[in-house]
Amino acid sequence: MRRAAAAALLVAGLATAAPAAADERISAQTRDQYVNPDVTIDQGERLTFFNGDLLDDHSVTATASNAANRPLFDSGVIGPGQEAVVEGAQFLGPGRYPYYCTLHPFMTGSVTVTGAGAPAPRPADTTPARLGVSIATGSLTALLRTRRLPVRARADEAATVRLVASARIGRRTVTLATGAVTLTAAGSRATSLRLRPAARRALAGRRSIGVVLTGQATDRAGNSSAATARRTLRRR
Ligand SMILES: [Cu+2]
């Protein structure tokens, strides 16, 4: 008796946790309008976009972007009579998410996600950030005066970038400066690395040096990638 009751509770629990079975569909019609712009889905539910407008292409594209600067969900541009999955909607948590048509920004709507169901598990991110680094000065004089090396790092997703600048002086490779920058989203960020005192002494009397800047990025999933920049710094 008690066991049966527990089993019944378990079944009830599974029923509420399981993703909703029903699909939801946004449709467009002639001309340049969504038939049902405001739709409601449960978490994990599949959302599709049917373009019933015989005269134009349209999309369903989230206004908000993710950390990689891509729309939270997007059907892509769909031709007349075609239907496509609104990719990304299955990952959304509860809330209201405005969207628009990338070809006709006056076409707008919203996807409301209820607290029911569960978001689809995201596929593991195994792609490292595309990283670029650069040295933002060519002046050895300025480096010695400010004791800072201005540099820039850019990546196509959020990442922490560790930076090491070194130079070959005589037969030795001298570490000039180290540091790190955090990119909270795709983009570019400038910083300056403090020149080590030992490096400053090693540079005294030099007319020019070849600086190598190495960046190592780690994205939010732990994937790493590297980039290198070289620049000759001269006395000015
Ligand atoms: Cu459109």
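Mentor: Let us begin with a definition: two strands count as a pair if DSSP finds at least two bridges between them. Keep in mind as well that this is a predicted model.

Trainee: What makes β1 and β2 a pair, then?

Mentor: Two bridges join β1 to β2 (residues 33-34), the strands running antiparallel, and because at least two are required, the two strands pair. Gln 29 stands opposite Gln 33 in β2, and the hairpin that β1 and β2 form has three residues between the strands, with Asp 32 in the turn showing a positive phi of about 55°.

Trainee: Why is β5 called an edge strand?

Mentor: The open sheet has the order β3-β8-β7-β5, with mixed pairing, and its edge strands, β3 (38-43) and β5 (61-62), each pair on one side only. β5 is joined to β7 by two antiparallel bridges, and Ala 62 has Tyr 99 as its bridge partner in β7.

Trainee: What makes His 58, Cys 101 and His 104 donors of the copper ion?

Mentor: His 58 (ND1), Cys 101 (SG) and His 104 (ND1) lie 2.0 to 2.1 Å from the copper ion; the cut-off is 2.8 Å, so these atoms qualify as donors.

Technical notes: Residues numbered from 1 in each chain as written. Predicted model: local features only at pLDDT ≥ 70, side-chain atom pairs only at ≥ 80, totals over all residues. Heavy atoms only, no water. Helix = DSSP H or I, 4+ residues; strand = E, 2+ residues; numbered from the N terminus. Donors = N, O, S within 2.8 Å, 3.2 Å for Na, K, Ca; no water.
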